[in-house]
Amino acid sequence: MPVSEFKLENELIKQLESFGYEKAQIKNENDLIKNLKKQLEIHNKTIFSDREFSRILTHLNSGTIFERAKKLRDKFLLERDDGSHFYVEFFNTVEWCKNQYQVANQITMKGKYKNRYDVTLLVNGLPLVQIELKRAGVEIKEAFNQVQRYHRHSFAGTLFDYIQIFVISNKANTKYFANNPKQSFEQTFYWTDEDNNRITNLFEFAESFLRPCFISKIIANYVVLAEAKQILMVLRPYQYYAVERIINRVKNTDKNGYIWHTTGSGKTLTSFKASQIISQMPEIKKVLFVVDRKDLDIQTVKEFNSFSEGSVDSTENTKKLVQQLKDDTRKLIVTTIQKLDRAIKNKENYKHLENEKILIIFDECHRSQFGKTHANIRKAFKKAQLIGFTGTPIFAENNVGGVTTKDVFDECLHKYVITDAISNGNVLGFSVEYIGRYRKKDSDVIEADIEPKEVSKEVLESDKRIEKIVDYILSIHKQKTKNKTFNAILATSSTNMAMKYYNTFKKKNHDLKIATIFTFKANEEISDMLDIDPLGEGEVKENKHIREQLEEAIKDYNEMFNTNFSTENFYDYYRDVQKRVKDLEIDILIVVSMFLTGFDSPPLNTLYVDKNLRYHGLIQAYSRTNRLLDARKPHGNIVCFRDLKEETDKALELFGNKEAKEIVFKKPYNVQKEEFIKALKELKKMVQTPADVDKIKSEKEKLKFVKKFRKLMRIKSSLETFVEFNWKDIQIDEEEYFEYLSKYVDIYVEIKNKEDKEETPLEEIDFSLELIREDLINYDYIVNLLKKLKKQQKKDQKEYEKQKTEFLKKFDRDLRLKIKKELVERFVEEKLPEVEDVEKEFEEFWNKEKEIYLMQLAKEYNLDVEKLKKLIDDYFYTGRFPVSNEIKKTLNYTPKLLEWVKIKKVLKDKIRKFIQLFEEW
């Protein structure tokens, strides 16, 4: 029989008491405040008068979660009653064991609604860790959703905004995450040991993670305050262990070392934390963070500054770097290896550091110039320690001429390989297809067989082959990218091949936005920052003809995006391309080697490969596609137009292990198809038809249906990325599937309407909302469908009625559209039969309805319409929903306190509904 939450809670509290936590009897906010006063007095070894404590409380009770996290780490200058001053410490971040520790449970807080929290860990009286428990068998995500509900209902504006870390558990599974109300479940982590073995059991997790000294260390050193985003982040376990190993290496030895953390695992955050902590050590004169290309320089500096704004200046030229080297107050520098090499050519630039202990951290050290440049750096900084970060080390097996990572950096300090990352859900696996010979099928998709491995260069580069590949890509691209919800890179073997592909795409009839980028000469300015081949296969040669062709492609780009780039301002073009790929404005980017390393873009899900790749170059290229996004992106798609199977297997064995294929490759189509059919049978045992869902009355049975259908949605999300996907294969037709989906959405809407009124078993369930969205449904999409309906009405009334029904069904399948259905349906029934210009009439109808809604809202609550419109415009400009005081200013009068308390939530709901109804598509 599963252990109840009550019993689980009591067992955990007993364990925490054995660690040294004092049990605190705190039942409500008043108790919490009284206890805070007492604990702060103990910690600060003084007594505060009521007036003094009131000033402390006023200081603590203001600001955002981020601002409160800063206050926690700062001392407060208190003016005492006698006029003297006293620094109040809230948390000892230096000697982190020297704090006061308590555990409390079932604290009741009343905000918008009353909530009771399971287990709270208090440090010096402030709630810094909150643990939410579910009984065994309940999905752990329900505990996460409960925390998110607390954010909306009762955390805000209370001392619970000081929470740094949340822990969620159902006893068997336990995860932790930082206090960031906008984060997703994907940003919750399992704790592990140093060898990356998960610690999932609640009590084993507590033993490792919740002991007073350890949790204080995590809060003091490993919760990151990201200034640019104003959010808290917490390191994952492998990041923590890596930083600790680096710190120990620097403190206790003069030896070098390297960190092997797979691509996409967050090396920038790890290196930032290591740099930040070590730069504060008095014995360390400087920390240099060194990258080997200018694109990474900008990306890394941006990310470093997002963790701590202003902590790093971009070294735009060597002169700036020299100034930073000579500035004793500048402890942390980010630069490129090329600039550092140039700076140390003059001894005057570095002689003051020649015999000082400095730390040099190399990002992506598998690409660092291990030869002469490296020797120059070691010669210049005689007491420097070198730490390398790499996702794909250079071993004897993948050494293409030169030294290995171990030769340069000594031993590996911590390892987190691709199989670890995929197993822990920190990156995605891959679906790899090998495509060669092509022939047309009955459908629009072109069928392909694997091409023989040994093919001549003449055949590989033939116009006929390239045209077939382009036709094939065009036939599958929307399927692979889920109707352009994601985008792709096409990797080619040379600049000439890149332009052949670009020009072939250009000749074809399609609606994809295609761009290309590659280097065209080997001068220092460009080779410093861009097209270094991940395989080290040679330099880019000066090629005037290819530059002219690239110039033509950039002209096309300028026309497409209304820009003004050329090969003369190539780097600006590069940055713009990078941004547009990340923003999904480019559908396919054709490259040679650029963007195949060091480029992170979660919306990128597909890599088309027509070049030979091996070892670290192959893993790096594949890994462009496996960044986490949401459930709509189940894996990265790799479509190989060369036989890279043997090279893929070798690379996985080298950078993972012999069993890597079982973890890295997603299940093949036939296996997933059978899983779908099995899940469908289970669903139909419960509800034979979609209509049967309406007969479900109990919350418990609705919960069962939601879980069963959600499983179908998740498998389908993966299945539909395969070229061979066909509804006939999975024993349910599209119409029936979407009828079930409509019922699923109905249950969600029903629960949402009940939300905040009564608790149900469905209240915290994960509905996987991202899988409900229909791709690319926006205002223009709806207008185009309305136009098609209008055309059909003129041709065939019977077919028109059928298409109208199908059109309106779409609004039942998508949560964003469901709220708009009534209005759109009214337009279809009342206006569409009579109008001529559908687009113009629909826009006028929509704007008129918007105006009516706002005027009615203003009239009902006596609001200034223009101020209300400005408030909504500001929301779309800033992305921040208006706070209560901003809404209050739209009133034409000053409400009494109780009146305002009653209407402010209603006004927020009305404004939110307006945005959802008219503006969000």
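1. Arg912 forms a salt bridge (a side-chain nitrogen of Lys or Arg within 4 Å of a carboxyl oxygen of Asp or Glu) with Asp909, and their closest N and O atoms are 3.7 Å apart. Both residues lie in helix H35 (residues 897–919), 3 residues apart, about one turn of the helix; helices (H or I, at least four residues) and strands (E, at least two) are DSSP runs numbered from the N terminus. Arg912 counts as partly exposed at 34% relative accessibility, where buried means under 20% relative accessible area, exposed over 50%, and partly exposed in between (1.4 Å probe, protein chains only).

2. This is a predicted model, in which local features need pLDDT of at least 70 and side-chain atom pairs count only at pLDDT 80 or more, while totals for chains, interfaces and linings use all residues. Residues are numbered from 1 along each chain as its sequence is written, and side-chain values use heavy atoms, with hydrogens and water left out.

3. A search of the whole structure finds 60 salt bridges. Asp600 pairs in this way with Arg627, the closest N and O atoms being 2.5 Å apart. This pair links distant parts of the chain, 27 residues apart, with Asp600 in the loop between strand E24 (588–591) and strand E25 (604–610) and Arg627 in the loop between helix H22 (615–622) and strand E26 (636–640). Asp600 is partly exposed, at 30% relative accessible area, whereas Arg627 is buried, at 7%.

4. Glu851 forms a salt bridge with Lys869, with 3.2 Å between the closest N and O atoms. Glu851 lies in helix H32 (residues 838–861) and Lys869 in helix H33 (residues 865–878), so the pair ties together parts that are 18 residues apart in sequence.
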